[in-house]
There are 2 protein chains.
Amino acid sequence: MTARVVEFWFEFASTYSYPAAMRVERVARAAGVALVWRPFLLGPIFATQGWNDSPFNLYPVKGAYMWRDLERICAREGLPLNLPPMRFPQNGLKAARLAILEQAWAPNFVRAVYTANFAERKGIADDVVLAEILTQVGADPAAALAAANAPANKERLKTQTDEAIARGIFGAPSFTVGGELFWGNDRLEDAIRWATR
Amino acid sequence: MTARVVEFWFEFASTYSYPAAMRVERVARAAGVALVWRPFLLGPIFATQGWNDSPFNLYPVKGAYMWRDLERICAREGLPLNLPPMRFPQNGLKAARLAILEQAWAPNFVRAVYTANFAERKGIADDVVLAEILTQVGADPAAALAAANAPANKERLKTQTDEAIARGIFGAPSFTVGGELFWGNDRLEDAIRWATR
């Protein structure tokens, strides 16, 4: 029996997670595949590799390529992109704690945070920016921020990051279909095919 | 005026260069795009990043993913793959000096070296293995090895690696179309599309 479920692992600081987040729901729905949104943190994973910054900053030649590649991808997808972003990488901790709440507004929230970061040059660690986005997606900002900062919710994000590590995830975006791992925006279609085999 | 030329930058130690090398000529020909084979060395590029080994060995979690991803790609392409290879990475210096000779047999030679490495578990730095491959592709092994080891040819490979660095290349396989760079086997179709715009 086929699972027909794709789990989408994303991190708000991740550039390639932006085009992935904007299209994953559409692509999954068209294939009749259920989608689970899985925010996690790359910081603890990068730290185990000895990195204290984005590899795109640590390896600037690769970074320069990534920005150009992202431009091409966004142009093809018709996605707005304004470079350079306000800063890179931004701290996505608060946004991830909000995204993991699994409210009905979460997918719209995730897309709006990526848009704020990569198209609107806003600070996604800024409570004012986050509250604006929450209002925009129909959430109660005060209630959502309180829920996000509750100890159990903080712990949930840590647990989810531990689960990412246990599953062999080392970058974002990643997709899992059962025990099968796919890394990168350009592997979304492969993950969908795997789920519908 | 469109160039309609794709340059294919490959390194014999590179795993994803294997499926790329096996399909690049077919894909380019189908699109009416001219193809230039560009062997180069990743070692000097990785050294500038502080790496003295393949990143897939330095970051074993990423390495484990890569081998699984390569299995899926080769299965889809109908390419033989026998893992683990004899060793990883293999030293591709001698093979690169042969591949840069630009003889008519070079494309067949390149494909045979990748097959030896990733499907046949042979040592591609071994003169006996290289001589067998040269014979198989219709070359005179003694003459080819002598030409490969001539000082001017050694220098040519160094110059080509310097050109790769100057063009912002940081990994293999890469494709260039004029000043536009594409990195990875999964960007071949993008490069072809760029050349035919």
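Author: One begins with the polar contact, a pair of N or O atoms within 3.5 Å; within protein, one must be able to donate a hydrogen and the other to accept it, and residues adjacent in sequence count only if both atoms are side-chain atoms. Between chain B and chain A, 16 residue pairs are in polar contact, both residues being at pLDDT 80 or more. This is a predicted model, in which local features need pLDDT of at least 70, side-chain atom pairs count only at pLDDT 80 or more, and totals for chains, interfaces and linings use all residues. Residues are numbered from 1 along each chain as its sequence is written, chains are lettered from A and ligands numbered from 1 in the order in which they are written, and side-chain values use heavy atoms, with hydrogens and water left out.

Reader: How many salt bridges does the rule find across the interface of chain B and chain A?

Author: A salt bridge is a side-chain nitrogen of Lys or Arg within 4 Å of a carboxyl oxygen of Asp or Glu. The rule finds 10 across this interface; one of the pairs in a salt bridge is B:Asp190 with A:Arg76, at 3.0 Å from N to O.

Reader: What area do chain B and chain A bury between them?

Author: The size of an interface is often given as the accessible area lost when the parts come together. Buried area is that loss, taken with a 1.4 Å probe and summed over both parts. Here, chain B and chain A bury about 2,100 Å², 51% of it on carbon and sulfur atoms.

Terms used: Buried area is the accessible area (1.4 Å probe) that two parts lose on being put together, summed over both.
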